[in-house]
Amino acid sequence: MRRELPAQPRAGFPALTADQMREVDRIMVEELGIDLTRMMENAGRNLADLVIRLFRPATVTVLAGSGGNGGGGLVAARHLSNRGVAVTVSVSGGDLAEVPARQLAILENMTVAVTEQPVEAEVVIDALIGYSLSGPPRDRAAELIGWANERSTPVVSLDTPSGLDVTTGVAAEPSVVADATLTLALPKIGLLEAAQVGDLYLADISVPPAVYRRFGIDLPELFAEETVIRLA
């Protein structure tokens, strides 16, 4: 029997603004040498694990953006496919950044289905827009958000529901209404009370505790038992 995920109270949990999370990422890459590919791999693997743990789906559709959030969704697609889930990927369009483009190429080499129009599945993964949201979602990203919100199947967002300002908690129009959100490193402030987050989980992407101490945050050993915890 699988153990329940460790839980921490959501109220009062240490959280970061979008600008602070950008600085965490900068420290990780520029000062520690823990590059984006490694963090993306941790994020995507944990997302795949959580989706399987929560829903045991036979089919999953991944909606992926062109940046790092999309790259994490593409990594999750690979891990889900490797574990026997029938995965279909739809990308929001535009030129993918270097690391996400590499992840998409891997999926194509694996012959994972990549389709322009998303298909019905038992679970939808929202990996369209992360904490770098600037203005309301537009064009293809907005269309895919609308598609996800029209589904009756569960939607799991990576890091934040696409369209949500992670600092203020204000939702743009449109924005994803998630059943569950797997946020990364630490929650962002706006996620703690936003209704469209759904059930909130936190994943370890290998950020050393010393990084958080720069922001005056001294964390306990959150991931001593699991690499994902639940914020209740």
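Tutor: Asp159 belongs to the loop between strand 6 and strand 7. The model is a predicted one, and in it the phi of Asp159 is near 70°, a positive value in a residue other than glycine. Pro174 is found in the loop between strand 6 and strand 7 (180-184) as well, and the peptide bond that leads from Glu173 to Pro174 is cis, with omega near 5°. Most residues other than glycine have a negative phi, and most peptide bonds are trans.

Strands of a sheet pair through backbone hydrogen bonds, either parallel or antiparallel. Both senses can be followed here. Strand 2 (residues 59-64) pairs with strand 5 (residues 123-127) in the parallel sense over five bridges, and Thr61 stands opposite Val124 in strand 5. At the other end of the strand order, strand 1 (residues 7-8) and strand 9 (residues 228-231) are also paired in the parallel sense, over two bridges, with Gln8 opposite Leu231 in strand 9. Strand 8 (residues 199-203), by contrast, runs antiparallel to strand 9, and four bridges join them; Tyr201 stands opposite Arg230 in strand 9.

Rolling a probe the size of a water molecule over the atoms shows where empty space is left. The largest pocket has a volume of about 700 Å³. It is lined by 32 residues, of which Gly67, Gly68, Asn69, Gly130 and Ser132 are the closest to its centre. By class, the lining of the largest pocket comprises 15 nonpolar, twelve polar and five charged residues. Helix 1 (18-31), helix 2 (36-55), helix 3 (68-82) and helix 5 each supply at least two residues of that lining. Helix 2 gives the most, with four residues.

Within helix 2 lies Glu41. Leaving aside residues up to four places away in sequence, Glu41 touches Val75, Arg78 and His79. The side chains of Glu41 and His79 are joined by a polar contact of 2.7 Å. Glu41 and Leu74, 33 residues apart in sequence, are 9.5 Å apart in space, C-alpha to C-alpha.

The second largest pocket holds about 190 Å³ of space. Its lining consists of Ala185, Asp204, Val207, Pro209, Tyr212, Leu219, Pro220, Glu221, Leu222 and Phe223. These residues divide into eight nonpolar, no polar and two charged.

Notes. Residues are numbered from 1 along each chain as its sequence is written. This is a predicted model: local features need pLDDT of at least 70, side-chain atom pairs count only at pLDDT 80 or more; totals for chains, interfaces and linings use all residues. Side-chain values use heavy atoms; hydrogens and water are left out. Two strands pair if DSSP finds at least two bridges between them. On a 1 Å grid over the protein atoms alone, a cavity is a set of points where a 1.4 Å probe fits but cannot get out, and a pocket is an open set with protein on both sides within 12 Å along at least five of seven lines; lining residues have an atom within 4 Å of a point. Grid points are joined across faces, edges and corners, and a volume is the space filled by probe spheres set on the points. Ala, Val, Leu, Ile, Met, Phe, Trp, Tyr, Cys and Pro count as nonpolar, Asp, Glu, Lys and Arg as charged, and the others, Gly among them, as polar. Contact means heavy atoms within 4.5 Å. A polar contact is a pair of N or O atoms within 3.5 Å; within protein, one must be able to donate a hydrogen and the other to accept it, and residues adjacent in sequence count only if both atoms are side-chain atoms.
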